[in-house]
Number of protein chains: 2
Amino acid sequence: MNDEQLKQILREFDLKVTKVRLCVLDLLLQSRIAMSHSQITDALEAFELDKVTLYRTLNTFVEVGLAHKVATDERNWLYAIYSEDVQQHNHQHEHHESPHAHFICEACDKIYCFPIEEKQIDLKKAELEGFSIKQHEIRLHGTCPVCK
Amino acid sequence: MNDEQLKQILREFDLKVTKVRLCVLDLLLQSRIAMSHSQITDALEAFELDKVTLYRTLNTFVEVGLAHKVATDERNWLYAIYSEDVQQHNHQHEHHESPHAHFICEACDKIYCFPIEEKQIDLKKAELEGFSIKQHEIRLHGTCPVCK
DNA sequence: ACTATAATGCAACTTAGTTGCAATAATTTA
DNA sequence: TAAATTATTGCAACTAAGTTGCATTATAGT
């Protein structure tokens, strides 16, 4: 994606255009998998990103609904951007995330994101009385094509 | 649950019977929600549990398949025991966890566990080619009956 | 180009969890 | 029931991930 397109995305989310935001946005848009702070630092080594600035950049992306984050079992966070979310963004900031599944590979620990159908989950409904569900996420554990 | 029953459970999972394990097991069996290290420490204040010992106890429970843990968005872990898992325990140690949903209350941050039907998840299947799914977990976000 | 405001980068800090090791307690065997 | 064996406990020190405060620098609107 070219520089002007990236800038346009930032502006659509009411974010100022900065070097850090541009390169992080570009990387996340290209990545098929959700990335951790340290993966991003490594991938963007040439930019010599400051640790704190990167955390703040990622959190900003999440706050405005441009990216989303997943907590892993290793107690850190992975960040990802759905190109769908970027395209469907509306300016009323009602970003109730589109439902998605995260596939977690047991071999390489990578997390792949998949958009999924907006669908009911088949629970023992009696047990869920009184719980109002606003959003859901599905986590799949297994082996990814690369590791198989 | 009485002391003898608790001891019996520990023995079934090849764990030695100790004071710490008994009181933690008792608490988790009673709890409807998954509990964090600090919640457990508070609830069992009278026992003055050592921080490290409690972490090790919880991890041991998870390793042998007696309990399971959930990573939260606040990057800590919650621990829970399903009475079902305890009852269905087999001694071959093939504890592939039964599928379950976690309901995360946005208001009080409590996590409730629900067993769910062993069911296929309706994904855009084309996108999942090459990924072999061994286990899945569903996360529901919303408001619990207490906070509503 | 000037100004107001927001983002950046550094140091110090916090929080959750881990490691090493000596002391203690639980089970096995005699 | 006592001794021996082995696993668990408790303390101190440590690590890893992320946060806070603040001075400096860059962005966007006039």
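Two strands pair if DSSP finds at least two bridges between them, and helices (H or I, at least four residues) and strands (E, at least two) are DSSP runs, numbered from the N terminus. With that in hand, the bridge partner of Ile104(A) in β6(A) is His141(A).

This is a predicted model, in which local features need pLDDT of at least 70, side-chain atom pairs count only at pLDDT 80 or more, and totals for chains, interfaces and linings use all residues. Residues are numbered from 1 along each chain as its sequence is written, chains are lettered from A and ligands numbered from 1 in the order in which they are written, and side-chain values use heavy atoms, with hydrogens and water left out.

**An enclosed strand**

- Strand β4 (residues 100-105) of chain A is largely enclosed by the rest of the structure, because 6 of its 6 residues are buried. Here buried means under 20% relative accessible area, exposed over 50%, and partly exposed in between (1.4 Å probe, protein chains only).
- In a regular strand the side chains alternate between the two faces of the sheet.
- In β4(A), His100(A), His102(A) and Ile104(A) point one way, while Ala101(A), Phe103(A) and Cys105(A) point the other way, and all are buried.
- β4(A) is joined by 6 bridges to strand β6 (residues 132-143) of chain A, and the two run parallel.

- Ile40(A) sits in helix α3 (residues 37-43) of chain A. Its relative accessible area is 0%, so Ile40(A) is buried.
- Setting aside residues up to four places away in sequence, Ile40(A) touches Leu27(A), Leu28(A), Met35(A), Leu54(A) and Leu58(A); contact means heavy atoms within 4.5 Å.
- From C-alpha to C-alpha, Ile40(A) and Leu78(A) are 9.7 Å apart in space, and they are 38 residues apart in sequence.
- Ser36(A) belongs to strand β1 (residues 33-36) of chain A and, at 9% relative accessibility, counts as buried.
- Not counting residues up to four places away in sequence, Ser36(A) touches Trp77(A) and Leu78(A).

**The surface near DNA strand C**

- Which residues are closest to DNA strand C? Of the 21 residues that surround DNA strand C, the closest are Thr18(A), Arg21(A), Arg56(A), Tyr55(B) and Trp77(B). A residue is near a molecule or strand if one of its heavy atoms lies within 4 Å of it.
- Sugar or phosphate makes up 64% of the atoms of DNA strand C within 4 Å of the protein, and the rest belong to bases.
- A polar contact is a pair of N or O atoms within 3.5 Å; within protein, one must be able to donate a hydrogen and the other to accept it, and residues adjacent in sequence count only if both atoms are side-chain atoms.
- Thr18(A) has a polar side-chain atom 2.8 Å from a phosphate oxygen of DNA strand C, and Arg56(A) has one 2.4 Å from a base oxygen of DNA strand C.
- For Trp77(B), a backbone N or O atom lies 2.8 Å from a phosphate oxygen of DNA strand C.
- At least two residues of this surface come from each of α2 (19-30) and α4 of chain A and α4 of chain B.

**The surface near DNA strand D**

- DNA strand D is surrounded by 22 residues, and the closest are Tyr55(A), Trp77(A), Thr18(B), Arg21(B) and Arg56(B).
- Of the atoms of DNA strand D that come within 4 Å of the protein, 64% are accounted for by sugar and phosphate.
- A polar side-chain atom of Arg56(B) lies 2.3 Å from a base oxygen of DNA strand D, and for Asn59(A) such an atom is 3.5 Å from a phosphate oxygen of DNA strand D.

**Two positive phi angles**

- Glu48(A) is not a glycine, yet its phi is positive, about 45 degrees. Glu48(A) is in the loop between α3 and α4 of chain A and counts as exposed at 70% relative accessibility.
- Arg75(A), also not a glycine, has a positive phi of about 50 degrees. Arg75(A) is in the loop between β2 (68-71) and β3 (77-80) of chain A and counts as partly exposed at 40% relative accessibility.
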